[in-house]
Each structure stands twice: as C-alpha cells, then as structure tokens.
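Q: I'd like to go through this model with you.

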Amino acid sequence: MNQPSVTVIIVTYHSRENIGECLDALRPSIDAGDTTCIVVDNASEDGTAEFVAETYPWVKLVRSAENLGYGRGCNLGFERCTTPYIFILNPDAVADRQTIVTLREFMNSHPAAGMAAPALLEGGHYIQAAGLMTTPGSLFRSAIGSRRVFPDQRVIEPGTPPFETTWICGAAMMIRSDLFKSLGGFDPRFFLYFEETDLCRRANATGASIWAIGEARITHLGGASAQATGETRVGSCIAEHYYRSRYYYLTKHFGRLLATAAEFADAVGSFARSVRARLRQQSLPSGGTVAKRPFLRFPAQPHR
C-alpha cells in the first residue's frame, strides 16, 4: 500500500445531488493508496453529510455546525491533513486518478511550483482560463469596454504544455501543504468569492510559481450549490458575497483609495451598459444590477 501524498479537500453545501459522482471518481485514487479525502460539510440541510457518511465510509467527514463559507471550510479540512499536497476540489467537479497523478508529478518535478490547476470541461467545452487576476486596472479596463480586461488571460487547453500564470480557479487546485500552511490558508474574511484570488496573489508574493497543466483535466457542472438553493449569481446573496469580497480584496492589496476608485468606475460602467441595454430593448447584462449590489462594503468578520 502506498503512502498517501495527496489529500483531496471538498467543501459541501447542499451538494447531495452532485457529491456522489465526484466521490465515485476519486475511489480508484483512494484504493491505490496514494490519495485520501476529507469532506467538510457546511451544515447542509439536504442530507449531504448523511449521504456521504452512509455511502462513502472511506471519506473523512467533518460536519461543521454552521456554514463557514468556502475558504474557511477548506481551512477546517486542512487542519486534518498530513500529506505533502492538498487538492482542493468542488463537489460538482469530477477528477479521475490520472488527473491527480499528473498534477502531483508535475509538482514533484518542479520544486518552485506552489500551485497547479487542470483544464476544466464545463458544458461540453474546455472553458477554464488562467490569469484572471483582478486588479484595479482590470476594473477600469472593464468600465471602458476594453477587450483586454485581463492581459494575462489564457484558456487552459487540454493536452497543451504547462504554462506559468498568476491566477488559477479555486474549483480545482493542487497546493503544496507547506505553502498553504505558511500562508495561513485562505483568508477567513472571504465567505465566498475572491478567496483563491487572494491566495494566488499571496503565493506569488512568496516567490512560489503557479501553473496551468493542460495534460490534467476535470469536468465541472458549475454553480451547483447556488442552483440547489435556487439562487442566481447576480441579484441574490451570492452576488452580495461577490461584491463585498471584491472590495475587501482590492482594499487589502491595493489600498482603500484605489479600491474605491475602481469600484466607482465599475459601477459607472455597469450602469452605462444597463442603460444601453434598455434603450436597445435587450436583456440586462449581469453587471448591470448596480442598485442591487452592496457598494463599498466589506464581508462580515467571521465569528471565530
């Protein structure tokens, strides 16, 4: 039996309909002895934790008494991790053993690599881009309608050679455990959204490199928790988390003055797009709900 080298950490919230396919795909890695799995359930009310406990006894199940959010849930799972790598995975993502092995072997052969992400198939297309590092400049460029909002953006095409980047998606990312620990894990102030952006920026600051690995690939349903609770990404509490987290992230890394200016620019740009859409009798763009978004507000401080 191999000694596990990777701990898969999955944070669930109302994930009963999706978690089974995710865990079924991990079973060969578990049986091979090179992977272990921790599921942190954020007080789901749809029977997610009970389903995992009854159907997948090989999973280390952690039941949170409250919804901690994504980053804090990952931190809670990491407290029980003893492997050199962690693989953070959404419950609606499917990763086979070869994907995990490919990411791990790349990290083994590249000591400076601190984080790595696979290509991601969603809706029948490989759509995951790397390099979407939000900055005040990206918001200003978006506000004026630039086609190059993220100059470093690049789609992770399956089968293509690895490339270094500044940002990878939190839906599936492998991280060295010692790096994650040295960074203090995810900033607990982020309940949802921008926790991985903040982590990538802090990892870059330490000199650790971040990579996109096209030879590894997963499938992702996307937005499953929001769909399960009947919420949409815009115009709901999900959108509220997004805007609060973004303003906190911008302020944390660029200062309140620049963060505020960028948020104002984004709001003006969103309002202008919504006006144009109304005049043309088109559906409102997702960024046009300026009146409904929290403005210049931080996420609430965590209770503990």
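Q: What's the lining of the second largest pocket like, by class?
A: It has 7 nonpolar, 5 polar and 5 charged residues. Nonpolar means Ala, Val, Leu, Ile, Met, Phe, Trp, Tyr, Cys or Pro; charged means Asp, Glu, Lys or Arg; others, Gly included, are polar. A pocket is an open set of points on a 1 Å grid over protein atoms alone, where a 1.4 Å probe fits, with protein on both sides within 12 Å along at least five of seven lines; lining residues have an atom within 4 Å of a point. The model is predicted: local features need pLDDT of at least 70, side-chain atom pairs 80 or more, while totals for chains, interfaces and linings use all residues. Numbering starts at 1 along each chain as written, and side-chain values use heavy atoms, without hydrogens or water.

Q: Which residues lie nearest the pocket's centre?
A: Arg-72, Phe-191, Ala-300, Gln-301 and Pro-302.

Q: Which helix gives the most lining?
A: Helix 9 (residues 237–254), with 4 residues. Helices are DSSP runs (H or I, at least four residues), numbered from the N terminus.

Q: Switching topic: which residues of helix 5 meet helix 10?
A: Pro-136, Leu-139, Phe-140, Ser-142 and Ala-143. Contact means heavy atoms within 4.5 Å.

Notes: Helix = DSSP H or I, 4+ residues; strand = E, 2+ residues; numbered from the N terminus.
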